Amino acid sequence: MKKILIIEDESAYLKLLHEQLTLADYEVLDAENGEEGLNLALTAQPDLILLDILLPKLSGLEMLKALRKNAWGEKVLVFILSNVNESKEISEAMNYNVSKYLVKSEMKLEDLLMSIKVCLK
Amino acid sequence: MTSPTAANGQNLAKKGTIASVKKIAQQTFEVAVKLSEDFNFTPGQYIWLMLPKLKYPDPKGDRRAFSICSLPGKDNLITLIFRTSDSGYKRTLLELPKDSPVDVIGPFGFFALPKTNDKPLVFIAGGTGVTPVLSMLDFLTEHQSPQNVSLLLSNTSHERSFYLDRLEKIQKINRHFSFAHKIGQIDWDFIQNNTASKNNQCLWYIVGPQQMVIAVTKILLDHGVAADQLYFDQHFGFAGDGSFPQKAGEPMDLEGFKFAVDSSPNHIVVTDVNGVIKYANSIAEKITGFKVSEMIGETPRLWGGLMDKGFYENLWQTIKVKRQPFTAEIQNRRKSGELYVASLQISLLEQQGNLLGFVATEEDVSSRILLEQDLNNALLAAQNVLDDLEIEKNALLLANAKDTAMLASIGDGIVATDQNARVIFINEACEKLIGWKKEEVFGKSWIEVVPMDDEDGNTIPDDKRPIMQAISQRKTTTTTTTYYFTRKDKTRFPVTVTATPIILNGGVIGAIGIYRDITTEKEIDKAKSEFVSLASHQLRTPLGIIKWYLEALQNDNYFKNAPTDTRKYFDEIYSSTERVLSLVRDLLSVSRIDQGKVKNVPKPIFLTQTIEEIIDQMQIVARNKKVTLRLTIEDSVIPPITIDILRFHEAIENLITNALEYSLPESLVEVTLTKNDDTLLISVKDTGLGISKADLKLLFTKFFRSDEAIKHNPEGSGLGLYVVKSYVEGWGGKLAVQSEPGKGSTFTISLPIKQV
């Protein structure tokens with residue numbers, strides 16, 4: 001069973017994604033801030049990380065930067081899943097080899113689930 | 001008329017002592033002098049009072065003339081009245097203790113009352129000339145004379161003189177006396193209005209300063225008063241500026257005198273006591289035109305005699321009777337018949353107290369008088385010019401003061417420069433703005449004093465500075481993008497600039513720059529945009545959550561089994577959520593544009609491919625609208641372009657969404673991609689509603705929506721085209737529109753191929 005880590009501080013999002021991904025037969029791990037997310041990622045070593053940008057303690061991009069310094073973390077699949085839709089953040093994230101930059105409010109839940117499915121096949 | 005007493009004696013000086021000194025009015029004193037011997041005088045005469053030693057120096061000497069104010073026969077006591085002054089003589093006199101010795105010379109003056117009292121008397125007195133009249137009046141009053149007496153008094157100052165009080169007193173006692181007072185010159189009207197008797201039956205006495213006496217005498221003669229009814233005397237007054245002519249009895253050096261006469265540049269004539277010419281010098285020949293030989297044995301009447309009778313009477317009275325020198329301006333006639341005006345001076349030729357004759361000198365002043373007139377005219381003209389200039393100057397000063405005050409009060413910074421952009425004026429607001437004082441910047445290049453750069457800190461080249469453009473291109477510039485000035489202390493501030501050329505006679509002589517610090521405006525704008533940005537971001541999260549939860553619900557089995565109406569309601573909620581999200585997206589874009597935060601993150605993209613993708617995505621919407629959406633690529637080779645793909649998507653999507661929105665069912669929306677030499681053209685054409693001319697002007701304005709558009713679709717934000725235009729211009733491109741109401745619109749984006 002593929003393992004997905006969701007790092008998301010907005011509990012409504014977290015809850016919905018957790019349920020939907022569980023329904024889609026993934027093992028789902030939750031983290032509510034960047035720091036917790038980083039620790040959990042390094043210990044649980046998921047197959048995919050869904051990473052928000054605006055996060056308490058450690059922002060999504062800072063977490064990503066730290067993650068990529070780790071031997072395992074360097075290669076793990078990361079989707080940025082945020083409501084931040086600024087070129088600056090997008091291009092910065094792209095520098096850290098993210099697979100997708102997704103804007104939550106701009107896409108359908110269905111499309112997200114499809115993207116994840118395609119990626120983890 | 002009585003004979004003047006003064007003619008009797010040779011030695012006129014008499015010993016006297018100060019009997020009293022009294023202050024009788026403001027600045028007015030009465031001095032009484034007791035004479036040691038009999039002193040006979042008639043009312044109206046005057047004396048010279050000589051002080052043995054001056055305590056205070058006085059350039060005018062130790063003697064002054066005073067009218068005798070008291071009446072004759074009072075135990076040889078005479079009183080003199082005078083006003084105080086700063087003169088050394090008067091100060092000395094007032095400080096003299098009782099019984100101090102003084103010398104009294106006189107009495108003088110042929111001014112005396114007539115022996116008969118059958119004719120009314122008219123006294124015309126100017127200023128202090130009233131004093132001899134006063135003693136005559138006192139005399140008449142005391143003797144209860146029935147003689148009618150009028151006094152016409154003129155004064156130059158408004159100050160009420162002490163003698164007015166005395167005159168009023170006399171008037172109360174003497175019913176035959178009346179007087180009139182006038183400030184200023186005496187004229188015929190005044191004389192006529194204040195003399196009851198017929199002019200010819202009166203005797204006239206005129207006394208006062210020389211000019212007044214001359215003027216009044218002339219008026220009377222002109223109005224038919226006979227010369228023998230007229231008595232006049234120039235009054236020395238108690239101001240006493242005439243110095244005593246010559247001390248009696250001093251020996252004369254005749255040899256030296258003759259030498260002086262011969263070598264004198266003046267006309268000099270010597271006569272005996274009867275005026276018979278004994279000698280004349282060569283200058284006299286020149287002025288009169290008569291040879292010395294012709295003159296000798298004659299009297300000066302040879303070339304004179306043109307003045308009125310009174311003049312000569314006065315002349316002879318003065319030199320022969322009073323034994324005083326005579327000075328006057330006189331009109332004479334040369335041998336040629338030509339009239340001339342001369343300044344005449346007659347001195348007494350005395351030896352051992354014996355009168356030998358007279359020395360007369362004449363100075364031809366005709367030319368001087370003409371010159372004086374010319375000079376006066378010139379002065380008058382100059383004065384007029386000066387007055388005009390003064391008025392002009394004051395007007396200019398006032399205008400200048402107004403201008404200065406206005407410029408100083410203007411809140412915007414103002415700088416005026418010459419044609420080399422050197423500062424010639426700077427107002428206070430501008431000094432404060434840039435931190436430089438006017439003295440520091442005058443004459444310096446404005447461009448060098450105040451560096452100007454753009455938002456990113458790039459220095460604006462000199463020739464692109466608004467003030468230079470005003471000078472070199474006569475262009476009035478008002479900046480729309482934000483520029484920054486650097487102050488003296490190196491701090492920067494945002495500024496708006498308006499630069500205008502100063503044009504004089506068709507040439508540019510400089511420029512005027514108007515500057516406003518827009519720091520506050522920028523801050524407010526920034527705060528506003530940041531608020532919008534923050535609010536939008538915050539709105540997005542809950543909206544996104546609603547959106548996904550709705551979606552999750554719609555996919556649920558429960559929902560799939562729900563009644564159709566319920567499912568429709570959910571669809572409505574979903575689409576409304578999408579609309580709010582879209583609005584928030586536009587607001588965010590606008591706030592980014594307004595904050596200048598549209599950070600291009602350009603990447604090379606293949607336009608053909610990108611546009612194909614966008615059109616593919618939008619086909620669903622087009623199908624729902626029953627509109628055909630078609631892409632035409634007119635050029636086979638479209639070069640890759642470097643551009644921010646996110647913004648590019650947004651721009652193209654916006655145009656296509658609009659085209660679809662305002663298209664009618666079964667119509668066509670055509671997207672065309674083509675290229676010129678150096679430009680890529682992307683056009684979106686519809687055959688829909690179209691836009692009116694008036695609306696076209698406002699089409700790209702933030703939040704603008706045409707009435708037609710609102711009617712058709714009440715939900716738009718009015719931000720889409722503003723966003724597209726801002727993006728396109730940010731890429732160095734242009735957004736153009738062609739439209740006709742009812743026929744459709746074509747929006748065309750043109751982009752330079754070499755994208756940065």
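Let's start with one pair: A:E106 and B:R585 form a salt bridge, with their closest N and O atoms 2.6 Å apart. A salt bridge here is a side-chain nitrogen of Lys or Arg within 4 Å of a carboxyl oxygen of Asp or Glu. Across the interface of chain A and chain B, the rule finds two of them.

A word on the source. This is a predicted model, where local features need pLDDT of at least 70, side-chain atom pairs count only at pLDDT 80 or more, and totals for chains, interfaces and linings use all residues. Residues are numbered from 1 along each chain as its sequence is written, chains are lettered from A in the order in which they are written, and side-chain values use heavy atoms, without hydrogens and water.

Now the whole interface. On chain A, 24 residues are in contact with 19 residues of chain B; contact means heavy atoms within 4.5 Å. The buried area is about 2000 Å², that is, the accessible area (1.4 Å probe) that the two parts lose on being put together, summed over both. Carbon and sulfur atoms give 57% of it.

Which elements of chain A give two or more residues to the side that touches chain B? They are α1 (11-23), α4 (87-95) and α5 (109-119). Helices are DSSP runs (H or I, at least four residues), numbered from the N terminus. The largest share, six residues, comes from α1(A).

Last, chain B: B:L389 lies in helix α10 (residues 366-409).
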